[in-house]
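Subject: Structure for your review

Dear colleague,

Please find below the structure that I am handing over to you.

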Amino acid sequence: MLAAQIGRLLRHPAYRRGAIISPLLLRYLPVDSGYAWNGEAALRARLTAAGLDAARLDHLTRNVQDEFLRLRRPSDA
């Protein structure tokens, strides 16, 4: 589920890797993104190999959701 949520974030038209706030999330975000990104399987393998505990998985999931919601809000500019 986390890999699918990250994929959704990466495909969002307003996504910019440099604007991500969470250092932990940045550690696991792939560099490539956009509509052509199809790396969910590779990301799942990377997350599994990382051996993340439940607390870190929860933290990552919440951060992905927060980032996605932040992208959907109107900008302050």
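The notes below cover the charged pairs, the aromatic rings and the nonpolar core.

This is a predicted model, in which local features need pLDDT of at least 70 and side-chain atom pairs count only at pLDDT 80 or more, while totals for chains, interfaces and linings use all residues. Residues are numbered from 1 along each chain as its sequence is written, and side-chain values use heavy atoms, with hydrogens and water left out.

Salt bridges

A search of the whole structure finds 3 salt bridges (a side-chain nitrogen of Lys or Arg within 4 Å of a carboxyl oxygen of Asp or Glu). One of them joins Glu40 to Arg11, with the closest N and O atoms 2.8 Å apart. This pair links distant parts of the chain, as Glu40 belongs to helix 3 (residues 40-50) and Arg11 to helix 1 (residues 2-11), 29 residues apart. Helices here are DSSP runs (H or I, at least four residues), numbered from the N terminus. Glu40 is buried, at a relative accessible area of 17%, whereas Arg11 is partly exposed, at 21%. Buried means under 20% relative accessible area, exposed over 50%, and partly exposed in between (1.4 Å probe, protein chains only).

Helix 4 (residues 54-72) contains Asp58 and Arg62, 4 residues apart and so separated by about one helical turn. Their salt bridge has its closest N and O atoms 3.0 Å apart. Asp58 is partly exposed, at 40%, and Arg62 is partly exposed, at 42%.

Glu67 and Arg70 also lie in helix 4, 3 residues apart, and form a salt bridge with a closest N and O separation of 2.4 Å. Glu67 is buried, at 3%, while Arg70 is partly exposed, at 27%.

Aromatic rings

The charged end of Arg8 sits over the ring of Phe68, 3.8 Å from its centre (NZ of Lys or CZ of Arg within 6 Å of the ring centre and within 35 degrees of the ring normal). The structure holds 0 aromatic pairs (rings of Phe, Tyr and Trp, the last by its six-membered ring, with centres within 6.5 Å).

Nonpolar core

The largest nonpolar core has 19 residues, of which Ile6, Leu9, Tyr15, Leu25, Leu29 and Leu60 touch the most other members. Helix 1, helix 2 (23-28), helix 3 and helix 4 each give two or more residues to this core, and the largest share, 5 residues, comes from helix 1. Such a core is a set of buried Ala, Val, Leu, Ile, Met, Phe, Trp, Tyr and Cys residues joined through side-chain atoms within 4.5 Å.

Yours sincerely

Note on methods
Phe/Tyr/Trp six-rings, centres within 6.5 Å; stacked < 30°, edge-to-face > 60°.
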